[in-house]
Amino acid sequence: MFRRGGTLVVLASILILFPMVAFGATVDLAWDANTEPDLDGYRIYYGTASGNYSPPIDVGNTTQHTLTGLNDGVTYYLAATAYDVDGNESAYSVELGHTTAIPNNIITASAGANGSISPLGSVTVSHGSNQTFTISADTNYHVQDVLVNGVSVGAATSYTFTNVTHNHTIQASFAINTHTITPTAGANGSISPSASVTVSHGSNQTFTISADANYHVQNVLVDGTSVGAVSSYTYTNVAQNHTIQASFAIDTHTITASAGEGGSISPVGSITVNHGSDRAFTMTPAENHHIDDVLVAGTSVGAVATYQFNNVSN
């Protein structure tokens, strides 16, 4: 095997390197076969400093080998030796230097319904580079959240990965815009719903206005403008915040008072009385006259000088 006077000579073969990036840095090596009849195999030496190698790898009697487990972006120095059946080993081959590749990284970007992220999909980013993503919601929607590697970074509209050295994910979600309708009700009645209501953009919302017993709806103001004494109001296609206010008044009844000739009644005419209230009337005869009779709802109560309605309810 390349013997001259019993001395081994340098392996004449030249290594040919085929760098290849896989799941870790690898280098494919190939060399010309030694033609000595007592050849038994080859050893591969490599290290990160020229001429300074780690313990060799015995690859057997083959002319190809793949070094695996190398670090990305590192320069390695490689050499080979041949050995014979007696264990004699040649000197190193010509040393070759090779720098392993730095693989690109992938950022996977996705967006939920009603919005977008740009760029979208699997984005290839050079090792150590930056990559910015822009998140945009559709009309009447907003960014709800952005997850970077599964962790929320808030409702961001832009996110930049800096000094990218490994794979990442970015996911954007969106929600419809909402508006608030604030209801209020005065004393002696209610409005339902009674608390501030969050309404999705473009939706409808109905409010029901109810008066307490013996009260009635006096007025309803929508955004400060009267819509009358309604018992229900519906907002349609809500696109902004609103207010609705209901006021109530007690029910009233009318007592109609009149007097014939020769006297008077006080008060006279149509008298409005709140429900449940009392109201007194005084009858006064003219000079040389007397009260003949007093009729209440068409029924005589006698020749009384005063009469009081108590707890008026009709």
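**Briefing: core and pocket of a predicted model**

Phe161 touches Ile107, Ser129, Asn130, Gln131, Phe133, Val148, His168, Thr169 and Ile170, leaving aside residues up to four places away in sequence; contact means heavy atoms within 4.5 Å. This is a predicted model, where local features need pLDDT of at least 70, side-chain atom pairs count only at pLDDT 80 or more, and totals for chains, interfaces and linings use all residues. Residues are numbered from 1 along each chain as its sequence is written, and side-chain values use heavy atoms, with hydrogens and water left out.

**Nonpolar cores**
- The largest nonpolar core has 16 residues. A core is a set of buried (under 20% relative accessible area, 1.4 Å probe, protein chains only) Ala, Val, Leu, Ile, Met, Phe, Trp, Tyr and Cys residues joined through side-chain atoms within 4.5 Å.
- Ile107, Ile117, Phe133, Ile135, Val146, Phe161 and Ile170 touch the most other members.
- A second, separate core holds 15 residues, including Val59, Leu70, Leu78 and Ala80.

**Largest pocket**
- Its lining has 32 residues, with Ser258, Ile265, Met283, Val294 and Leu295 nearest the centre. A pocket is an open set of points on a 1 Å grid over the protein atoms alone where a 1.4 Å probe fits, with protein on both sides within 12 Å along at least five of seven lines; lining residues have an atom within 4 Å of a point.
- The lining divides into 15 nonpolar, 14 polar and 3 charged residues. Ala, Val, Leu, Ile, Met, Phe, Trp, Tyr, Cys and Pro count as nonpolar, Asp, Glu, Lys and Arg as charged, and the others, Gly among them, as polar.

**Confidence**
- Mean pLDDT (predictor's confidence in each residue, from 0 to 100) is 90 for the protein chain, and 92% of the residues score at least 70.
- Residues 1-23 have pLDDT below 50.

Key:
Buried < 20%, exposed > 50% of the residue type's maximum accessible area, 1.4 Å probe, protein only.
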